[in-house]
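Here is a short briefing on two parts of one structure. Have a look at the sequence and the 3D view, then read on.

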Amino acid sequence: MTSNDHSMHNGTGSGSHVGGPALVQETIAQAVGQPVTSVRVQPRQPLAHQSNRLYDAWADERHLIVKEFLKPDEIHEAPAREARALELVAPLDLGPRLVHFQSDSTPALGPIVVYEWMAGEMWAGQVPSRQDLARLAGAWLQLNALSPEHLWMSRGYERSLSESARHFHERLLAYAAWAKAAYPPAARAAALCLDLMERRRAVIAELERAHPVQCFCRGDARFANVIRRPDGRVGLVDWEDSGLRDPARDIADLLTAADQEDALGWDGWQAFLQPYLKGRQAVDRHLARRAELYLALFPLLWLVLLTSRGVQRAQGGQLPGWSINGMPPNHRLRRYLARAVAWPAMRFDDQLAALADVTFFPDDGVSS
């Protein structure tokens, strides 16, 4: 059980590379065979979740995106996954066209992937229509149908569920210890989370007995990585986590990611789930069951990630003003807790109302 945890990142990452438009300009000029004077580069304003550095570049009116990779633990694998994925999906026209891949990392510039800018409107912050969701399902089915031969494993898929569960249990114990010492009202929230982790042992055991049909998946199934193109088709960007994995994980990630879990209710998600699951039924008849099981785990995954982040902020005096994708932390965390408590039911309004007095962090951001 892993997560891309994009909501954890701030700024442009923690790498040591300083980069800069001038060096990127030179790199682009060499890549496209144009003089430096014909290339214009402009850094993009980083998003709150961003862990790399992006630039817009124009070479003789050709609009390109330059992605510089900065995460020390991903500086070799992530750029290669992104470049290989863009080449793989090019015949499907689901992603931007790869222009250049520079795998070398220097003190001044991290590895970079250059691709053509994809026209359209990003889904981030929107509620996609039923037609949008059906088109997304169709795109996923195309990706899953690619031959798995000679493909690579997706990010984070090497850790077993049992290993992840032990790690998450440790982090919840650390949160409980913080609550006891710094904010006693959160003790109930910590106890509920720990109890849910214990009750998920059977879910983990069932998933570990399963034999998923691994297929190519894009990973990082956030709306911020989906583009509504001018002709209505979907385009997918940010392929650094892609690779072979159980597609049931991508379903759970799509439905629970912190920047979109409140965008649609269970009924709204059916416009995606029904055509997608139907399309995979012939080759993966247990996919729906595995997705159901992962939907028992992913709310807990987010509870672990976000409580850990909250403790870090508390210890650094950064709780005041904290927002989780536009929602007050306690509101977002209660939603995840209600999801976990309600499972296997997928509607959780009653549970959310019953948990209204549960608090994870002080509402004013001051714990003492």
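Asp56 stands opposite Ile65 in strand β3. This is a predicted model. The notes below begin with the strands and then turn to a pair of helices.

**Strand β3 and its partners**

- Strand β3 covers residues 62-69 and is mostly covered, with 7 of its 8 residues buried.
- Strand β2 (residues 52-59) runs antiparallel to β3, and 8 bridges join the two.
- β2 and β3 form a hairpin with 2 residues between the strands.
- In that hairpin, Asp60 takes a positive phi near 50 degrees.
- β3 also pairs with strand β5 (residues 112-116), again in the antiparallel sense, over 5 bridges.
- In this pairing, Leu64 stands opposite Glu116 in β5.
- In a regular strand, side chains alternate between the two faces of the sheet.

**Helices α4 and α9**

- Two packed helices are described by the angle between their axes and the distance between the axes.
- Helix α4 spans residues 161-182, and helix α9 spans residues 287-315.
- Their axes come within 10 Å and cross at roughly 40 degrees.
- α4 and α9 are therefore oblique to each other.
- The crossing of α4 past α9 is left-handed.

**Where the helices touch**

- α4 makes the contact with Leu161, Phe168, Arg171, Leu172, Tyr175 and Trp178.
- On the α9 side, the contact residues include Tyr294, Leu301, Val304, Leu305 and Val311.
- Thr307, Ser308, Ala314 and Gln315 of α9 also take part.
- By class, the contact of α4 with α9 has 11 nonpolar, 3 polar and 1 charged residues.

Methods
Residues numbered from 1 in each chain as written. Predicted model: local features only at pLDDT ≥ 70, side-chain atom pairs only at ≥ 80, totals over all residues. Heavy atoms only, no water. Axes fitted to C-alpha atoms, helices over the stretch in contact; angles between N-to-C directions. Helix = DSSP H or I, 4+ residues; strand = E, 2+ residues; numbered from the N terminus. Parallel < 35°, antiparallel > 145°, perpendicular 65-115°, else oblique. Left-handed = near helix turned anticlockwise from the far one by under 90°. Contact = heavy atoms within 4.5 Å. Nonpolar A, V, L, I, M, F, W, Y, C, P; charged D, E, K, R; others polar. Buried < 20%, exposed > 50% of the residue type's maximum accessible area, 1.4 Å probe, protein only. Pairing = 2+ DSSP bridges.
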